[in-house]
Amino acid sequence: MDWTAGLQGLVGGVLIGLSATWLMATLGRIAGISGIVGNLITQRPKGDSTWRVAFLLGLISGPLLLMALGGGLGNVAGSPGEVIGAPAGGVGLMLVAGLLVGVGTGLGSGCTSGHGVCGLARLAPRSMAATGMFLLTALVTVYISRHLLGLGVVQ
């Protein structure tokens, strides 16, 4: 068993929980990425742009710092020379999927980080329903793409 991957996941989860707790405790804000980015882009600055930019820079600089220190990002591509594999359905499909994710976060009033991490911790019924739908949708999508369409299956 590879304990390194489990330990990295545990440390990452603890850091996500601590950052969400810190943001709620210090600013009274939920660490939902779609809300942080969406409000930064769509609303005029209301004096809270600084923490939003800092939060986003932290999301970007964390992995870069890890790579600079020699930690790497792990290999999820399945071949030794790559870090992340090529999109299974092509770039066009990824763009459409990203657009649909954006629409979904708007319709669902949040994303997995806002509902799944922060909302569940607050025992919010709306977040429980949203997170359940996220998981169900993911299960159905993987089943259809792998078993019915044959995408993403490593041969």
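Just after helix α3, G70 takes a positive phi of about 90°. Helices here are DSSP runs of H or I with at least four residues, strands are runs of E with at least two, and both are numbered from the N terminus. Helix α3 itself covers residues 49-68, which is 20 residues. From its first C-alpha to its last it reaches 28 Å, close to the 28 Å expected at 1.5 Å a residue. The expected span of a helix is taken as 1.5 Å times one less than its number of residues.

The helix has a kink of about 30° at S61, shortly before the proline P63. Such a bend is the angle between two axes, one fitted to the seven residues ending at the position and one to the seven starting there. W51, R52, F55 and L56 of α3 are buried. Buried stands for under 20% relative accessible area, exposed for over 50%, and partly exposed for values in between, with a 1.4 Å probe and protein chains only.

## Model and overall make-up

This is a predicted model, in which local features need pLDDT of at least 70 and side-chain atom pairs count only at pLDDT 80 or more, while totals for chains, interfaces and linings use all residues. Residues are numbered from 1 along each chain as its sequence is written, and side-chain values use heavy atoms, with hydrogens and water left out.

The chain has six helices and zero strands, so its elements, read from the N terminus, run α-α-α-α-α-α. Of its 155 residues, 14% are buried. The accessible surface comes to about 11300 Å², and carbon and sulfur atoms account for 72% of that. Accessible areas come from the Shrake-Rupley method with a 1.4 Å probe, and for residues only the protein chains shown count as cover. Among contacts between residues at least 6 apart in sequence, 32% join residues at least 24 apart. A contact means heavy atoms within 4.5 Å.

## C111 and helix α5

C111 lies in the loop between α4 (91-107) and α5. At 11% relative accessibility, C111 counts as buried. Not counting residues up to four places away in sequence, C111 touches G32, I33, S34, T105, G116 and F134.

Within α5, the residues S113, G114, H115, C118 and G119 are buried. G119 has a relative accessible area of 0%. Leaving aside neighbours within four places in sequence, G119 is in contact with G114, A124 and S127. The C-alpha atoms of G119 and I30 are 8.4 Å apart, and 89 residues separate the pair along the chain.

## From α5 to α6

L123 is found in the loop between α5 (112-121) and α6. Phi of L123 is near 55°, a positive value in a residue other than glycine. L123 is exposed, with a relative accessible area of 60%.

T131 is found in helix α6. T131 is buried, at 12% relative accessible area, and touches H115, G116 and L120, not counting residues up to four places away in sequence. V140 also lies in α6, which spans residues 125-148. V140 is partly exposed, with a relative accessible area of 40%.

V140 belongs to a nonpolar patch on the surface, formed with M133, L136, Y143, I144, L148, L149 and L151. Together these residues have about 760 Å² of accessible area. Patches are made of residues with over 30% relative accessible area and no salt bridge; like charges are joined within 9 Å, and nonpolar side chains (Val, Leu, Ile, Met, Phe, Trp, Tyr) within 5 Å. A salt bridge is a side-chain nitrogen of Lys or Arg within 4 Å of a carboxyl oxygen of Asp or Glu.
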